[in-house]
Amino acid sequence: MNRKFAIYTLKRFGMALLTIFLVILITFFTMHAVPASPFSSEKAKSDATIAALEAKYGFDKPVPIQFLNYLKSILRLDFGLSTAWVGSTVFGLIRDGLSYSARIGLGAAAIAVALGVILGAVAALNRGNWIDKIIQVVTTALISTPSFVDATLLLLFFGLKLRWFPTLGSQPGGLTLPVVSLCLYPMAYITKLERSSMLDVLGQDYIRTARAKGLKNRKVIFKHALKCALSPVITYAGPMMAFILTGSMVVENIFSVPGLGRLFVNSIQRTDYMMIMGVTIFLAFMIILMNFLSDMLYKIMDPRIELG
């Protein structure tokens, strides 16, 4: 089993590296296919000035050479210089924005998983009664509502009308509403996943055997059923982080949070190619990393899964 797991891990790691390389390749050549120069829209710049700027940022070299140089710099965690935020490095700006985005993303993920697992298990254990029906109605409504709609409603009601929370993400306590708006959809989805998985596990022969042996219902649920029912939730961890990271781009702008999402939108508006590439590659790396870790945890949590 250990040898099989090691081979499985190496395969998944190799696929992750290949995916990251493809993301870098596609992102780089897509940005360089854009006909406009990041300096061409600026006023009062002569051709000589633009040429000097392109030489400074390395845009004057052939595209394949630029790509090889970019790959080498990424290995050193050097994403180049920002063309819009003069004097700032792309990695430095990403690091500053990550301090906000990480708090929002990790907070939303933790709340979504904790509440989703609890509500899903409660719904499964109360199948068919009023508790189950209320949970099903609420989660269906949350799944049907985009995160930017949740964010807008929370901002209007709790921020502007009741004034319980700040409306700006940079203020103390200002990250509460962004976290809540981002966690609602994945929480509802995890609730449905956990309910379905829990019902399936509770109907398995080994659960009936455990109960027949006289084990207490609490022990059967927490030690046997709940652990196996977590497998779909672990599998969903990767897509969940992808949803949170991409959703934060809109939510951070709604609440004026100076995180990666807002940084990415501003870089597009200011045609900062280096920043667009840097943020895209960084977010892709985070999503690929989460998928890799969820694959590993999936097998660890449920040994019955065949390695492939």
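In which loop is the place of Ser256? I looked this up to begin with, and found Ser256 in the loop between helix H10 (231-254) and helix H11 (260-269).

**Entry 1: ground rules**

I am reading a predicted model, in which local features need pLDDT of at least 70 and side-chain atom pairs count only at pLDDT 80 or more, while totals for chains, interfaces and linings use all residues. Residues are numbered from 1 along each chain as its sequence is written, and side-chain values use heavy atoms, with hydrogens and water left out.

**Entry 2: the whole chain**

I counted helices and strands, which are DSSP runs numbered from the N terminus (helices are H or I with at least four residues, strands are E with at least two). The chain has 12 helices and 0 strands. Along the sequence the pattern reads α-α-α-α-α-α-α-α-α-α-α-α.

Next I looked up burial, where buried means under 20% relative accessible area, exposed means over 50%, and partly exposed lies in between (1.4 Å probe, protein chains only). Of the 308 residues in the chain, 40% are buried. The chain exposes about 16600 Å², and carbon and sulfur atoms supply 67% of that area. Accessible areas come from the Shrake-Rupley method with a 1.4 Å probe, and for residues only the protein chains shown count as cover.

I then turned to contacts, meaning heavy atoms within 4.5 Å. Among contacts in the chain with a separation of 6 or more, 74% join residues 24 or more positions apart.

I returned to H10, which has 24 residues and reaches 34 Å from its first C-alpha to its last, close to the 34 Å expected at 1.5 Å a residue. The expected span is 1.5 Å times one less than the number of residues. H10 bends by about 40° at Ala237, and Pro239 follows within four residues. A bend at a residue is the angle between axes fitted to the seven residues ending there and the seven starting there.

After H10 comes Ser256, with a positive phi near 55°. That is a positive value in a residue other than glycine. Ser256 counts as partly exposed because its relative accessible area is 24%.

Helix H6 (residues 147-161) has 15 residues and reaches 20 Å between its first and last C-alpha, close to the 21 Å expected at 1.5 Å a residue. I found a bend of about 30° at Leu155. The buried residues I noted in H6 include Ser147, Asp150, Ala151, Leu154, Leu155 and Gly159.

I recalled that an α-helix has 3.6 residues a turn, so residues three or four places apart point the same way.

Phe158 is also in H6, and it is partly exposed because its relative accessible area is 23%. Leaving aside neighbours within four places in sequence, Phe158 is in contact with Arg163, Trp164, Phe165 and Leu177. The C-alpha atoms of Phe158 and Leu177 are separated by 8.3 Å, and the two are 19 residues apart along the chain.

**Entry 3: the salt bridge**

How many salt bridges does a search of the whole structure find? I found 1 salt bridge, defined as a side-chain nitrogen of Lys or Arg within 4 Å of a carboxyl oxygen of Asp or Glu. Arg195 forms a salt bridge with Asp132, and their closest N and O atoms are 2.9 Å apart. Arg195 lies in helix H7 (residues 176-202) and Asp132 in helix H5 (residues 130-143), so the pair ties together parts 63 residues apart in sequence. Are Arg195 and Asp132 buried or exposed? Both Arg195 and Asp132 are buried.

Pro64 lies in helix H3 (residues 63-75) and counts as exposed because its relative accessibility is 51%. Pro64 and Phe29 are 35 residues apart in sequence and 9.2 Å apart in space, C-alpha to C-alpha.

I found Leu77 in the loop between H3 and H4. Its phi is near 60°, a positive value in a residue other than glycine. Leu77 is exposed, with a relative accessible area of 52%.

Helix H4 (residues 90-125) has 36 residues and reaches 50 Å from first C-alpha to last, close to the 52 Å expected at 1.5 Å a residue. H4 bends by about 35° at Leu98.
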